[in-house]
Amino acid sequence: MKLVIHGKNIEITDAIREYVHQKIEKAVSHFQHITNEVDVHLSVARNPRITTKQAAEVTIFANGSVIRAEESSENLYASIDLVADKIARQLRKYKEKLQDQKTNALPTNQVLVPEPVAADLIGDRTPELPNEVVRTKYFSMPPMTVAEATQQLQLVGHDFYMFHNSETGEINVVYERNHGGYGVIQPRHNNGHTNGKNGNSAHSVPEKAHSHK
């Protein structure tokens, strides 16, 4: 198992490195047969108006799936403890899903109800772009179904998940709705239709997408 540690606004000392190895290796000890790589990102956010937050983020690449957990506190070692416990629970959940897939056939289709597009998404606010890109992420996009993308959404702990739809060949976004269930965003073409099998357009803006880090 490959374990990589990154730091932002913090020096990765030998003591920190040893502690990360100890905690993360223990957390994934029962799942090493499905774990290919573990990426650990430690950071310190310094803001004079708030208490300093020290965050630990763990991303695990397991047999083509991505499992992610993040925790922060005023103490880096406490954050590492918290994220180790969280990633262990995520791995346990992932393993249970794999076992369920072996015993129960997954549904071939998942019905997602199209939602009307709001006529005005920003009201009287002035559109603004952030001053700078604060973080860039790169990840592979193997083709997958909507059902598989929904499972990935549950594992990464975000409000939405971008994926390469194996049925249409396009980039889609599946997201968690505020009122329960999941929605999907598909690109609209010049003719006003999507490439979905039912021809319906489901491209409403996810309510909580702004919280994605």
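Rings of Phe, Tyr and Trp (its six-membered ring) pair if their centres lie within 6.5 Å, with planes under 30 degrees apart counted as stacked, over 60 as edge-to-face and the rest as tilted. This is a predicted model, so local features need pLDDT of at least 70 and side-chain atom pairs count only at pLDDT 80 or more, while totals for chains, interfaces and linings use all residues. Residues are numbered from 1 along each chain as its sequence is written, and side-chain values use heavy atoms, with hydrogens and water left out.

**View 1. An aromatic pair, Tyr19 with Tyr77.** By the ring rule, the count comes to one aromatic pair. The ring centres of Tyr19 and Tyr77 lie 4.8 Å apart and their planes stand at 80°, so this pair is edge-to-face. Tyr19 belongs to helix H1 and Tyr77 to helix H2 (residues 76-103), so the pair ties together parts 58 residues apart in sequence. Helices (H or I, at least four residues) and strands (E, at least two) are DSSP runs, numbered from the N terminus. Tyr77 has 31% relative accessibility and counts as partly exposed; the classes are buried under 20% relative accessible area, exposed over 50% and partly exposed in between (1.4 Å probe, protein chains only).

**View 2. An open sheet of four strands.** The strand order is S1-S2-S3-S4, with mixed pairing. At the edges sit strand S1 (2-8) and strand S4 (65-73), each pairing on one side only. Two strands pair if DSSP finds at least two bridges between them. On average, neighbouring strands of this sheet are turned by 15° against each other, direction ignored. S1 and strand S2 (residues 37-45) run in the parallel sense over seven bridges, and here you can find Ile5 opposite Val40 in S2.

**View 3. Helix H1 on the sheet.** Helix H1 (residues 14-27) packs on the sheet and touches S1, S2 and strand S3 (53-62). Contact means heavy atoms within 4.5 Å. The direction of H1 makes about 135° with that of S1; axes are lines fitted to C-alpha atoms, for helices over the stretch in contact, and angles run from 0 to 180 degrees between N-to-C directions.

**View 4. Asn165 and its surroundings.** Look for Asn165 in strand S6 (residues 160-165). Asn165 counts as buried because its relative accessibility is 2%. A polar atom of the Asn165 side chain lies 2.8 Å from the backbone nitrogen of Glu167. Leaving aside neighbours within four places in sequence, Asn165 is in contact with Met144, Val146, Glu170 and Asn172.

Note on methods
Polar contact = N/O pair within 3.5 Å; in protein donor to acceptor, adjacent residues only side chain to side chain.
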